[in-house]
Amino acid sequence: MTTIMQRQIKIFDTTLRDGEQSPGAAMNLEEKLRIAELLDEMGVDIIEAGFPISSPGDFKAVSEITKLVKNASVCGLARAGFKDIDRAGEALKQAKRPRIHTFISTSPVHMKHKLNMGENAVLEAIGASVTRARNFTDDVEWSAEDATRTVPEFLCRCVEVAIHSGATTINIPDTVGYTTPQEYFDLITMLRAKVPNANTITFSTHCHNDLGLAVANSLAGVLAGAGQVECTINGIGERAGNAALEEIVMALRVRKDIMPFGTNINTKLLAKASKLVSNVTGFPVQYNKAIVGKNAFSHESGIHQDGMLKNVETYEIMRPEDVGVNATSLMLGKLSGRHAFKDKLESMGYTLEEAAFEDAFRRFKDLADKKKHVFDEDIMALVDDEIIRGQDAIMVKALKLETGTGIKPTAAMTLSVHGEDKSVTATGDGPVDAIFKAIHEIYPHGASLQLFQISAVTEGTDAQAAVSVRLEENGRTVTGKGSDTDTMVAAAYAYVNALNKLLVKREKQAPEALTVAR
Ligand code: KIV
Ligand code: ZN
């Protein structure tokens, strides 16, 4: 009997760093902590928690996540400059398993136009940065930004210097999503064969999705010998995003016959993670998205339904429960008490502080009064809303609308702004316009509306509306979310939530390409 040795692949999640870098995906501290906690519970090996030098908020998030995480390594990103590395080291001070991830561009186009550095200067920066990072931790990852457009011989020299200086993981990013599976397979194979001591470190994939090949390229990298995959929940990230964690993990699981690799991921938490990240960022998951899309396990055509009834294997390569998708469950009603509500929250993985619990319970009772059936999805939307808005400096206190045929839509609005209540009445071209104008009058700002989107949390005319509002101010984009059985109230919540996110984002500066500041 032959036993195939299964290689264990490390899952490096960068939802909180590369994912958060995507326009409109800004998250506050509370949201980042919730995501980190779930990633840890799910079995992610390394959580890239942020870019500590980029803002005090990122620094705090990384350091708070180190205190919360039980099993995963926590990683902070740093450019090749000493200031970046020292800041990352400082943020990771309390981590049980700290990792510093330092990077520099290695492609001709980036070195010339972005860094204004020649090959020797880049090699020197690699040696210095990795050595510096090793002063803080033994777990140092080095990345060659734009590796897939780098001259192969030069890339080999860069990797050699990084290994020689003490890097333990070498990441080969396809920064602009340019490579193809065969080419990426050949690149990792070549590096493993040619670079001295390549067998002493772990190679890592980091593929962007500009050509829709991020997952395929990452798997090709694994087949070529990479031992770590960098990815994000729902594939969020710069431009077209990163490789989607759920797709990588399920592809490895479902096609073990040709990819004998294991991961530590509890796949039953994938759907929950997808929902959480979508709720927090306000980025909806497309219906036909692999693994976690609403339609990923639904069979509409008669031929498919007939086959499924005869044997699920006719059209199903994995079971919905494997990824945590369960039949929609009917849950509490208006007679349910505090105890039942608390039990339900706990079974869904929520633990709320006393005040937040009381607020959530009050909103649940209101909802149960308005809505015949209250589903898990309703509870999730309600509690997420509570948590999302719990820390907001600006809050909706009251809203009264007058609208209809032949009436100029009018919104009477009260907001609490840094603890002080302010009220106005405003008119608009429609009810949404009136609401947004009222908010603008109370809290004047220069942000412009980029997106206004409504979806239903569950089926039926009494479903809660989930509204996303994307705002842009001076090149910064944020997405706010709100949900309520009243679509207009949800719209007000979402707009105000986006404004709060802009307040947080104003403090965060976009880091420059590189200043090798020693
Ligand atoms: O895409 C990329 O090159 C990156 C690096 C910082 C690893 O995100
Ligand atoms: Zn990236």
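**Ligand shell, zinc site and selected residues**

An oxygen atom of ligand 1 sits 2.6 Å from an N or O atom in the side chain of Thr175. The model is a predicted one, in which local features need pLDDT of at least 70, side-chain atom pairs count only at pLDDT 80 or more, and totals for chains, interfaces and linings use all residues. Residues are numbered from 1 along each chain as its sequence is written, chains are lettered from A and ligands numbered from 1 in the order in which they are written, and side-chain values use heavy atoms, with hydrogens and water left out.

A polar side-chain atom of His206 is 3.1 Å from an oxygen atom of ligand 1. For His208, an N or O atom of the side chain lies 3.0 Å from an oxygen atom of ligand 1. Taken alone, ligand 1 exposes 260 Å², and the protein buries 94% of that. Accessible areas come from the Shrake-Rupley method with a 1.4 Å probe; for residues, only the protein chains shown count as cover. Two or more residues of the shell come from each of helix 1 (15-19), strand 5 (98-105), strand 6 (140-145) and strand 7 (169-174). Helices (H or I, at least four residues) and strands (E, at least two) are DSSP runs, numbered from the N terminus.

The shell around ligand 1 consists of Arg17, Asp18, His101, Phe103, Ser143, Glu145, Asn171, Pro173, Thr175, His206 and His208. A residue is near a molecule if one of its heavy atoms lies within 4 Å of it. By class, the shell has two nonpolar, six polar and three charged residues. Here Ala, Val, Leu, Ile, Met, Phe, Trp, Tyr, Cys and Pro count as nonpolar, Asp, Glu, Lys and Arg as charged, and the others, Gly among them, as polar.

The zinc ion is ligand 2. Its protein donors are Asp18 (OD), His206 (NE2) and His208 (NE2), at 2.0 to 2.1 Å. Donors are N, O and S atoms within 2.8 Å of the metal (3.2 Å for Na, K and Ca); water is not among the atoms, so sites may look incomplete. Along the chain, the donors follow the spacing D-x187-H-x1-H. Asp18 belongs to helix 1, and His208 to the loop between strand 8 (202-207) and helix 9 (214-223), so the pair ties together parts 190 residues apart in sequence. Asp18 is buried, at 3% relative accessible area. His208 is buried as well, at 4%. Buried means under 20% relative accessible area, exposed over 50%, and partly exposed in between (1.4 Å probe, protein chains only).

Two residues other than glycine have positive phi values. For Asp146, phi is near 65°. Asp146 lies in the loop between strand 6 and helix 7 (152-165). Its relative accessible area is 0%, so Asp146 is buried. For Asn197, phi is near 65°. Asn197 is located in the loop between helix 8 (181-194) and strand 8. At 49% relative accessibility, Asn197 is partly exposed.

Two side-chain pairs are joined by polar contacts. A polar contact is a pair of N or O atoms within 3.5 Å; within protein, one must be able to donate a hydrogen and the other to accept it, and residues adjacent in sequence count only if both atoms are side-chain atoms. Thr414 is part of strand 12 (residues 410-417). With 16% relative accessibility, Thr414 is buried. Its side chain makes a polar contact of 2.9 Å with that of Ser423. Not counting residues up to four places away in sequence, Thr414 touches Met395, Val396, Lys397, Ala398, Asp421, Lys422 and Ser423. Contact means heavy atoms within 4.5 Å. Lys289 lies in the loop between helix 11 and helix 12. At 8% relative accessibility, Lys289 is buried. The side chains of Lys289 and Glu246 form a polar contact of 2.8 Å. Beyond four places in sequence, Lys289 touches Asn234, Ala244, Glu246, Glu247 and Ala296.

Pro284 is in the loop between helix 11 (270-281) and helix 12 (302-310). Outside four places in sequence, Pro284 contacts Ser278 and Gln453. Val44 occupies the loop between helix 2 (29-42) and strand 3 (46-50). Val44 is buried, at 3% relative accessible area. Leaving aside residues up to four places away in sequence, Val44 touches Ile11, Asp13, Leu39, Ala72, Leu245 and Ile265. Val44 and Ala438 are 394 residues apart in sequence, and their C-alpha atoms are 44 Å apart in space.
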